[in-house]
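Take a look at the structure below. We will begin with pairs of charged side chains and then turn to a sheet.

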Amino acid sequence: MNIGLLVPTNGYGGAEKLVERLDKGFSKKHNVYIIYYMDVKGESNYNDNVFFLDKSVDNAIIKRLIRIYRLNRIKKEKELNFCISFMEGPNLVNYLSGEKNCRKILTLHGNYSRSTFLKKNIVFKHIYKHIFKYVYSNVNKVITVSKKNRELFTDFYNLKNDNFNVIYNMVDKDEILIKCKEPIPKKYKALFDTKSIISISRLDENKCIYELILTFNELSKKEEINLILLGDGNDRKRLVELVDRLSLNDRVFFLGFKNNPYKYIASSSVLVLNSEYEALPNTIVESMICKTPVISTNAISGPSEIISDGSYELPSSLHEKSNCGMLIPVPKKNISSPFLKMALVEMLSNEKIRTHFIDQGFKKAMLFDTELILKQWDQIFNEK
C-alpha cells in the first residue's frame with residue numbers, strides 16, 4: 001500500500017513529530033512518502049521519499065494553486081492509496097487536489113473555536129467555517145487526537161460524529177526508554193543536582209510560561225530549585241526579560257530545542273504543562289514513560305484524557321480523579337498561580353504521592369504505545 005503523509009513543515013512542531021513516528025511505523029508494511037506543505041529549512045530524519053509543495057512564489061493564491069497541482073501529480077505518480085494530512089492548510093490542499101483513487105484522511109489537532117484570529121475576524125470566521133464544514137463533510141475520514149477534540153470540532157462546524165474517528169498520538173515507548181538513559185551534557189548536569197522543574201513547549205503566550213516563571217519565583221524564595229525550559233518561540237524575549245527583572249538568571253534556564261528531550265525529563269523532579277489549551281500533549285505521555293511525575297492544567301482538550309478519567313470538571317482536590325498526575329486550573333494572565341504553587345509544593349515534598357503518580361502514569365502511557373496505535377490505523381486502512 002502507498003501512503004502519503006502531508007505535513008505542515010519540515011520544522012519541529014507537534015504534527016511534525018507525529019508524522020516522524022507514523023512514517024517509522026507505517027514503513028514496516030507500506031510505502032510511505034513524506035510531503036511537506038511548506039519548507040522552513042529544518043532538519044528531518046525521514047526516509048528518502050520526500051517531496052515539497054512549497055515554491056518561491058510571492059502571490060498567496062498562486063502558491064496554493066501550485067500546491068494543489070503538485071500534490072495531485074504526486075498522488076498519481078506514486079499511485080497513493082491514502083493521503084493523510086495534518087492541520088488546516090494541508091487538509092484543504094489534500095481535499096482540493098482531487099485524484100479519485102486516493103482516499104483522503106484529514107487530521108485535526110488544534111482548537112479553532114478558541115482561535116484569537118477567528119474571534120477578531122467575524123466575517124472571515126463565517127467563511128472559514130462554511131468552507132471547512134463542506135470539506136470535512138465530504139472526505140473519506142477525519143481523525144481527531146482526543147474525544148474532547150472531536151466534540152469541539154463537530155460542535156464548531158455543526159457536524160455529526162459519523163465521519164470522525166479518535167486515534168491518540170502514538171509514542172515509541174522503547175525508543176524513549178533508551179534515550180532517557182543517555183547522560184546529560186556536562187555543561188547542564190549541575191542544573192539537575194538539585195530539585196528541578198522542567199517544561200517543554202513552544203515559548204508562545206498560550207503556553208503560559210510567563211505565569212509559570214512568576215509562580216516559580218515565589219517557590220524559589222523558600223527552597224533551592226531550578227526551572228528548565230526546553231523549546232523556543234515568539235515569547236522568548238518577554239520571558240528572558242521577566243527572568244532578568246526577577247533576578248532569576250541563576251535559577252531559570254532556557255535550553256532551546258533538544259533532539260533528545262527525554263534525558264532531561266528523566267533527570268527532572270517534575271514536568272509542568274501550564275497551557276491554556278492543548279490537543280493531546282505528547283509531552284505528558286513521554287514524561288510518564290520517563291517516570292517523571294506530571295502537573296498539568298486542565299486545558300481543553302487533551303490533558304484530562306491522559307491524566308484522569310476525561311472529566312473537564314475540576315477535581316475538588318489535587319488528587320481526586322487524577323490517578324496519573326495533578327490537574328490544576330488554567331492560570332490567570334500575568335499573575336502567579338496559587339494552584340500550581342500548591343501542586344508543586346506537594347509533588348516535590350510528598351514521596352508517597354510521587355511514587356503513586358509515577359507507577360500509575362507509566363501504566364497509562366502504554367495506551368499510547370506504537371503497536372496499539374498502528375493497529376487502529378490499520379483498521380482505518382482496511383475499511384471499505
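Glu286 forms a salt bridge with Arg21, and their closest N and O atoms are 2.5 Å apart. A salt bridge here is a side-chain nitrogen of Lys or Arg within 4 Å of a carboxyl oxygen of Asp or Glu. Glu286 sits in helix 12 (residues 282-289) and Arg21 in helix 1 (residues 14-26), so the pair ties together parts that are 265 residues apart in sequence. Helices (H or I, at least four residues) and strands (E, at least two) are DSSP runs, numbered from the N terminus. Both Glu286 and Arg21 are buried. Buried means under 20% relative accessible area, exposed means over 50%, and partly exposed lies in between (1.4 Å probe, protein chains only).

A word on the source: this is a predicted model, where local features need pLDDT of at least 70, side-chain atom pairs count only at pLDDT 80 or more, and totals for chains, interfaces and linings use all residues. Residues are numbered from 1 along each chain as its sequence is written, and side-chain values use heavy atoms, with hydrogens and water left out.

Why can such pairs form? Side chains of opposite charge can pair when their charged atoms come close. By the rule above, the count comes to 19 salt bridges.

Another one joins Glu151 and Lys148, at 3.1 Å from N to O. These two are three residues apart in helix 6 (residues 147-156), so about one helical turn separates them. Glu151 is partly exposed, at 39% relative accessibility. Lys148 is buried, at 16%.

Lys333 and Glu276 also meet in a salt bridge (3.2 Å, N to O). Lys333 lies in the loop between strand 15 and helix 14, and Glu276 in the loop between strand 11 and strand 12 (277-278), so the pair ties together parts 57 residues apart in sequence. Lys333 is partly exposed, with a relative accessible area of 32%. Glu276 is partly exposed too, at 21%. Elsewhere, salt bridges that share partners join Lys17, Arg21 and Glu286 into one network.

Two strands pair if DSSP finds at least two bridges between them. Strand 9 (residues 225-230) pairs with strand 10 over four bridges, in the parallel sense. In strand 10, Gly256 is the bridge partner of Leu230.
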